[in-house]
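Have a look at it first, and then we'll pick out a few spots.

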Amino acid sequence: MFKPETEQLKQEEHLDVLTKLGEKTGISKPRGDVHRDGDYHRAVHVWILSESTQELLLQRRADCKDSWPGLWDISSAGHISAGDSSLVTARRELHEELGIILPIDAFEMIFIFLQECVINEGKYINNEFNDVYLVTTLAPIPLEAFVLQESEVSAVKYIPVEEYKNLLAKEDPEYVPYDVNEQYGQLFNIIAARYKENVETRSLALQKQLSRYACISLDAELTGLTDADKEALALLVKAGTVIDDLFHLQVWYSNPALRDWLKEQAEISNLDKLKWMYYRINKSPWSCLDENEAFLTTADSAVSCFLKPQKLFLGGRELNIRLPFLC
């Protein structure tokens, strides 16, 4: 499950130095100096949630780490290097630490967490603005799919969300501490709220949105058209379907996959049918008559993507991921 650490010494990573309000100062410094001097900087936290089992993926930090060695922690995390973007960093860290590549659309930025602490007898000062991302899969990613970066990660495991929250609340010494009663409690609140959907309320809301549109039947009068005219008309209709596909793709990269998912699920329940009906009108998860406010949530639909691990594993298959729309 491990990939060998490179034998070449890398130049120390430089980080953008920020103000206490999170604004760039125009200065960058080596990572070690930033934590020595207590400079404010940015990082990413990436959590992988298995929806069907309501479990979070945790990694055990390598024993050689300069902060919280050997403790269980976030699925993947890392500093945002000077000049880099948050989302690119989140995707890269997941790839480097766990050996899997997921599409950019899988990463949902849910909040920003400011972590201010001092450890290692004052030698490591961490003043860090963390962009917290959630990646939601319908089922757990097989543990054998992960290729762990030996210098960063020693093991991975899934743990029930509530169990993990309780361990943090009890300050279990085997886990990196996060105060679930303060800022980091947002992670657990967001997950809990997402799966407490009131089906009746959602259905009534979608019915109300649908009622603003009138259903009109369009009939074509073909009398008098020549065979050539009819043939040309058929080609125009065919061209229209091509344009529809292009439009869906222009609106949003994953829109065609979302459309196919909603159509497939439409017969499961009345709520799923209403979602599909309103999607067909808007041709996206955003409501045109409501200033493009999302009428779907991340928990409403999914797309399939091929999991790209760095090694083959038994039972390799497509991975269903939830897509965030509130971005």
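Is Ile101 buried, partly exposed or exposed? With a relative accessibility of 27%, Ile101 counts as partly exposed, because that label covers everything between buried (under 20% relative accessible area) and exposed (over 50%), using a 1.4 Å probe and protein chains only. Ile101 sits in strand β8 (residues 100-101). Its C-alpha is 7.2 Å from that of Arg91, ten residues away in sequence.

A quick word on the ground rules: this is a predicted model, where local features need pLDDT of at least 70 and side-chain atom pairs count only at pLDDT 80 or more, while totals for chains, interfaces and linings use all residues. Residues are numbered from 1 along each chain as its sequence is written, and side-chain values use heavy atoms, leaving out hydrogens and water.

Zooming out, the protein has eight helices and 17 strands, taken as DSSP runs (helices H or I, at least four residues; strands E, at least two) numbered from the N terminus. Of its 327 residues, 45% count as buried. The C-alpha atoms fill a box of roughly 90 × 45 × 45 Å along the principal axes.

Leu222 lies in the loop between α5 and α6, and Leu222 is partly exposed, at 39% relative accessible area.

| Residue | Relative accessible area | Location |
|---|---|---|
| Ile101 | 27% | strand β8 (residues 100-101) |
| Leu222 | 39% | loop between α5 (199-210) and α6 (227-251) |
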